[in-house]
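Please read the points below with the sequence and the model side by side. They are meant for someone who has not seen this structure before.

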Amino acid sequence: MKGELNMFIIWGNARKDTNNILEQMRKKFEIRDIYEIVWTSENFTKNLRRFYGANLPKPLRKTSECGIEPFLLVLLIDPNPKYEMRKTSNGMQSVNSNIYDEKMKYRKMFNAGSTIHSAIHQKEVNHDLTMLLSKNVEDTRVNLPEKWDGKFKPIKSDVVGTNGWKDLNELFYVLNHTTNYVVLRNFEEYPERINLKEHKDIDILTDDLLQLPYVLDQSKAIDSEIVVPSTVTIGNEKVLFDIKYVQGSYYDEKWSKDILDRRILSSKGFYVPDTKDHFYSLLYHMIIHKANLTNEYTQRLFNLAIVLGMKNIQKETFLNFDKLKKMLDNYMQEMNYSYTNSIQYKIKHNELTRLYHVAVIIAKKEGVSTLAKAIKRKLRRKIQTRSIND
């Protein structure tokens, strides 16, 4: 099938112009299928917040603009996609200008404002379809009809994960197609089993500072508060996801980026560090974060050392803290990585520096007014935390 799969959403308040909007779409694109999606009214705002994520600073206003009535998801093929730079709500971006320009034309033509949505590049198409249909672009395209039959296919379902996740398979499938992440460790029994007795949380590293918490589970979606760590319902269990950010000084920022760049898709269907990063990040976690040897980690490190073909490695080596620290020192020096607990790193990557970087990201993506509100929320949480501790 030639061309690029893309999509439009006609929210409830724009449905009165559906026929005219579809007529305009047919002039440029090939409509292949249309779904009529019904979200539960009590979850509508939360669905919007999780769907748009950090790009939606005022979810209640968006709910009012869209209307809570059933909306249409139009799947179409752009036979000749063209990518150009356009000024978007997230700044200048390379977008499919055919889709973007048509969306802006429809909004003006039908005085529709933001009640007509489109995905402006394939990354966003993948995100939007996965959240709405629980199917990524590739899986959606497999069963796409050659021609729309003129009927709206009904779907009664909230955004995937809004009412909890069926299992880890479902959750990881969605993460794979909506965000950039890696599960750092203790994943050997995933997705079949989550051993909460041994490990109370799932540690995830990401560079998706703004969106991942909403994709994962944004329990306070209406008031726009991000809760980290996030407690996620998987099956009948409450599972804590501890999200580590590239800029968060959990590992050296350069190393964190490298771990994400070198990540691999495991045979079980989720992203993990490659074997070398798994070995040394686990070694760092045990030596630096925990500052203590544990039988589980020393055994796992020994097994990974065998897989890596490390020479002159004896099991006794992994029972000696000083030898392991020396091994880590050598690797950190070889890779030009820094310890995040060193004075030099703290000066270069202090809290003010980290907050500055976060502020720049928020300002670029959401605007200065949203940044001001984020600062107020940050200060309020600090005050609340001090009150609890006092």
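How many bridges join strand 2 to strand 7, and in which sense do the two run? The first point takes this up.

The model is predicted: local features need pLDDT of at least 70, side-chain atom pairs count only at pLDDT 80 or more, and totals for chains, interfaces and linings use all residues. Residues are numbered from 1 along each chain as its sequence is written, and side-chain values use heavy atoms, with hydrogens and water left out.

1. Strand 2 (residues 30-38) and strand 7 run parallel and are joined by 4 bridges. Strands here are DSSP runs of E with at least two residues, and helices are runs of H or I with at least four, both numbered from the N terminus. Two strands count as paired if DSSP finds at least two bridges between them. Val38 has Lys156 in strand 7 as its bridge partner.

2. These two strands belong to an open sheet of 5 strands, ordered 6-1-3-2-7, with mixed pairing. Strand 6 and strand 7 (153-156) are at the edges with a single partner strand each, so one side of each has no neighbour in the sheet. From one strand to the next the twist averages 25°, with axes being lines fitted to C-alpha atoms and angles running from 0 to 180 degrees between N-to-C directions.

3. Another open sheet is made of 4 strands in the order 8-9-11-10, and its pairing is mixed. Its edges are strand 8 (181-183) and strand 10 (230-234); each has a single partner strand, so one side of each is left without a neighbour in the sheet. The twist here averages 35° from one strand to the next. Strand 10 and strand 11 (residues 237-245) run antiparallel, joined by 5 bridges, and Thr231 stands opposite Leu240 in strand 11.

4. Strand 4 and strand 5 (residues 91-96) form an antiparallel pair with 6 bridges. A hairpin of 2 residues connects strand 4 to strand 5. Met92 in strand 5 is the bridge partner of Lys87.

5. The largest pocket has a volume of about 1,400 Å³. A pocket is an open set of points on a 1 Å grid over the protein atoms alone where a 1.4 Å probe fits, with protein on both sides within 12 Å along at least five of seven lines; lining residues have an atom within 4 Å of a point. The volume is the space filled by probe spheres set on the points, which are joined across faces, edges and corners. The lining of the largest pocket has 42 residues, with Tyr52, Asn55, Ser89, Asn90 and Gln211 nearest its centre. Helix 5 gives the largest share of the lining, 5 residues.

6. Arg50 belongs to helix 2. Is Arg50 buried or exposed? Arg50 is buried, with a relative accessible area of 0%; buried means under 20%, exposed over 50%, and partly exposed in between, using a 1.4 Å probe and protein chains only. A polar atom of the Arg50 side chain lies 2.6 Å from the backbone oxygen of Val215.

7. Leu265 lies in strand 12 (residues 264-265) and is partly exposed, with a relative accessible area of 49%. Leu265 and Val182 are 83 residues apart in sequence, and their C-alpha atoms are 9.1 Å apart in space.

Terms used: Polar contact = N/O pair within 3.5 Å; in protein donor to acceptor, adjacent residues only side chain to side chain.
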